[in-house]
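Here are some notes for a colleague who is opening this structure for the first time. Please read them with the sequence and the model side by side.

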Amino acid sequence: MTMTELSRTFGKHSVDEQEREQRIRRVFEAVAARYDLMNNLMSMGIHRLWKRTLVRMAAPAPGQCIVDLAGGTGDVAALMAAPDRQVTVCDPSLAMMDVGRARGHGHVSWLEGTAERIPLRSASVDTVTIAFGIRNVTRVEDALVEALRVLKPGGRFLCLEFSTPHALVRPFYNLFSFAVIPRLGAWIARSPEAYTYLVESIRRFPDQRAFTALIEQAGFTDVRYRNLSFGIAAIHTGTRPATAAPAA
Ligand SMILES: C[S@@+](CC[C@H](N)C(=O)[O-])C[C@H]1O[C@@H](n2cnc3c(N)ncnc32)[C@H](O)[C@@H]1O
């Protein structure tokens, strides 16, 4: 058996998973400098409204410890930050976080880490948010269990992600995502592959109900979702049960 076959069979991550992780890392290293501009153009600024809705639902409060997974350049963290609470962006891409740091978001801390392995103690966090990040995670189930682990009993998980739009808007949405977004990616971010990846990863992601089931399977209770803009995006929420034994 070759090393490749060995690691494919016995390795913690399969070779396919490792390749996918590396490809995703390269995508965000490549687009970091133009990421926010592209976001504004592609969503016509609507992603800002969706993020504000996420933050309103998260209801950050004084004294809380809040972690924004896949926090990238710190958009969501900046909306939650204040001197009386601890808000941390956790992301594997130093390039994305460097862009955010340079922007000088006050009262935001930056932590290198993935959603599958959050470098924080169990039961130490009040709220975990993740915006447009879970789709990039190779092992979604592991990331959900990891979010549950770091949350205190009663702590909340909120996930904003592209989802499955209502059938009425789907034809327009598909046209926009397959014809316009990769062209914008080529033109503005000079990275058409990155934005083709983006569109494909949105299509592959489970719909609202299937993702609800995954969150419940990870051990969250009170799992709900709220559609945004006819389901083009959705915010899923869940709570770490008060009775759950802290994970190791
Ligand atoms: C589409 S961006 C979203 C950034 C930010 N949350 C926002 O809404 O603007 C996706 C982010 O996921 C990060 N990412 C990629 N793989 C990840 C993983 N396994 N765990 C956590 N974050 C990851 C990327 O580095 C990137 O910053």
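1. Is Ala 59 buried, partly exposed or exposed? Please keep in mind that this is a predicted model. Ala 59 is partly exposed, with a relative accessible area of 45%, and this residue lies in the loop between helix H4 (46-58) and strand E1 (65-69). Its phi is positive, at about 45°, although Ala 59 is not a glycine.

2. The background to that point is that most residues other than glycine have a negative phi. Phe 230, which is likewise not a glycine, has a positive phi near 60°. Phe 230 is found in the loop between strand E6 (221-228) and strand E7 (233-239), and it is exposed, with a relative accessible area of 61%.

3. Several polar atoms can be checked by eye. An oxygen atom of the ligand lies 2.7 Å from a polar side-chain atom of Asp 91, while a polar backbone atom of Ala 115 is 2.9 Å from a nitrogen atom of the ligand. For Ala 131, a backbone N or O atom lies 2.8 Å from a nitrogen atom of the ligand. The ligand taken alone exposes 600 Å², and the protein buries 97% of that area.

4. The ligand sits in the largest pocket.

Note on methods
Residues are numbered from 1 along each chain as its sequence is written. This is a predicted model: local features need pLDDT of at least 70, side-chain atom pairs count only at pLDDT 80 or more; totals for chains, interfaces and linings use all residues. Side-chain values use heavy atoms; hydrogens and water are left out. Helices (H or I, at least four residues) and strands (E, at least two) are DSSP runs, numbered from the N terminus. Buried means under 20% relative accessible area, exposed over 50%, partly exposed in between (1.4 Å probe, protein chains only). A polar contact is a pair of N or O atoms within 3.5 Å; within protein, one must be able to donate a hydrogen and the other to accept it, and residues adjacent in sequence count only if both atoms are side-chain atoms. Accessible areas come from the Shrake-Rupley method with a 1.4 Å probe; for residues, only the protein chains shown count as cover. On a 1 Å grid over the protein atoms alone, a cavity is a set of points where a 1.4 Å probe fits but cannot get out, and a pocket is an open set with protein on both sides within 12 Å along at least five of seven lines; lining residues have an atom within 4 Å of a point. A molecule sits in a cavity or pocket if more than half of its atoms lie within 2 Å of its grid points.
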